[in-house]
Amino acid sequence: MLRGLYTAATGMITEQIRTNTIANNLANVNTNGYKKDETISEEFQSVLLHRINDDSHKKSIFDLQNIDTAKNYLLEGTVAAENSSAPVIGSLGRGAKVAEIAVIRDQGSLENTNSPLDLAITGD
């Protein structure tokens with residue numbers, strides 16, 4: 001249950017940052033030369049789940065011949081891949097995060113000011 005709450009919390013934090021970015025864009029809509037920001041989000045790395053509590057697939061740490069494999073068993077809580085016959089259940093998402101806030105550098109609209117000292121650059 002806690003894992004689900006953490007996953008939901010990461011989604012809420014990501015959406016809060018996205019909402020703040022949109023609010024900043026709206027607040028600066030009439031600012032000359034303002035370039036809007038875009039929030040880019042991505043998923044945390046997924047976790048591959050194995051069924052490890054099935055007695056028919058479980059191996060004792062004392063059955064493992066290689067000491068490195070035994071260390072992996074203790075560190076990861078699962079048997080290393082070469083000795084594992086535990087079936088794969090599937091993947092589990094762990095939430096979202098903001099990868100970056102990108103500035104959109106599109107050409108804005110030009111406005112005629114009728115002032116001889118004002119200038120605008122169009123294109124590259």
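## Gly4 and the setting of the model

Gly4 counts as partly exposed, at 45% relative accessibility, where buried means under 20% relative accessible area, exposed over 50% and partly exposed in between, computed with a 1.4 Å probe on protein chains only. Gly4 lies in helix α1, and its C-alpha atom is separated by 8.9 Å from that of Gly95, 91 residues away along the chain.

This is a predicted model, in which local features need pLDDT of at least 70 and side-chain atom pairs count only at pLDDT 80 or more, while totals for chains, interfaces and linings use all residues. Residues are numbered from 1 along each chain as its sequence is written, and side-chain values use heavy atoms, with hydrogens and water left out.

## Overall architecture

The secondary structure of the chain comes to two helices and four strands, where helices (H or I, at least four residues) and strands (E, at least two) are DSSP runs numbered from the N terminus. Read from the N terminus on, these elements follow the order α-β-β-α-β-β.

Of the 124 residues in the chain, 12% are buried. Among the contacts (heavy atoms within 4.5 Å) that have a separation of 6 or more, 71% are accounted for by residues 24 or more positions apart.

## Helix α1 and the annotated segment

Helix α1 covers residues 2–27, and its 26 residues should span 38 Å at 1.5 Å a residue, which agrees with the 37 Å between its end C-alpha atoms; the expected span is taken as 1.5 Å times one less than the number of residues. Within this helix, Thr10, Thr14, Thr21 and Asn25 are buried, and the buried residues of α1 pack against β1 and against β4, which covers residues 96–103. Ile22 is also found in helix α1, but Ile22 is partly exposed, with a relative accessible area of 46%.

An unreviewed UniProt entry carries the annotation "domain: Flagellar basal body rod protein N-terminal" over residues 5–35; UniProt positions are given in the numbering used here, feature names are shortened, and annotations may be inferred rather than shown by experiment. In the model, the chain over residues 5–35 is 74% helix and 0% strand, with its end C-alpha atoms 36 Å apart.

## Thr39 in strand β1

Thr39 lies in strand β1, which runs over residues 37–43, and it is buried, with a relative accessible area of 8%. Leaving aside neighbours within four places in sequence, Thr39 is in contact with Ile17, Arg18, Thr21, Val98, Glu100 and Ile101.

The side chain of Thr39 also makes a polar contact with the side chain of Thr21, at 3.1 Å; such a contact is a pair of N or O atoms within 3.5 Å, of which, within protein, one must be able to donate a hydrogen and the other to accept it, and residues adjacent in sequence count only if both atoms are side-chain atoms.

## Salt bridges

Side chains of opposite charge can pair when their charged atoms come close. The structure holds two salt bridges, each defined as a side-chain nitrogen of Lys or Arg within 4 Å of a carboxyl oxygen of Asp or Glu. One joins the side chains of Glu15 and Arg18, at 3.3 Å from N to O. Because Glu15 and Arg18 are three residues apart in helix α1, about one helical turn separates them. Glu15 is partly exposed, with a relative accessible area of 40%, and Arg18 counts as partly exposed at 25%.

Glu42 forms a salt bridge with Lys97, with the closest N and O atoms 3.5 Å apart. This pair links distant parts of the chain, with Glu42 in strand β1 and Lys97 in strand β4, 55 residues apart. Glu42 counts as partly exposed at 38% relative accessibility, and Lys97 is likewise partly exposed, with a relative accessible area of 32%.

## Confidence along the chain

The chain averages a pLDDT of 77, and 69% of the residues score at least 70, where pLDDT is the predictor's confidence in each residue, from 0 to 100. Among the elements of the chain, β1 has the highest mean pLDDT (93), whereas helix α2, residues 67–76, has the lowest (52).

Over residues 60–64 pLDDT stays under 50, and the model has nine contacts beyond four places in sequence for them. Over residues 77–83 pLDDT also stays under 50, and for these the model has 15 contacts beyond four places in sequence.
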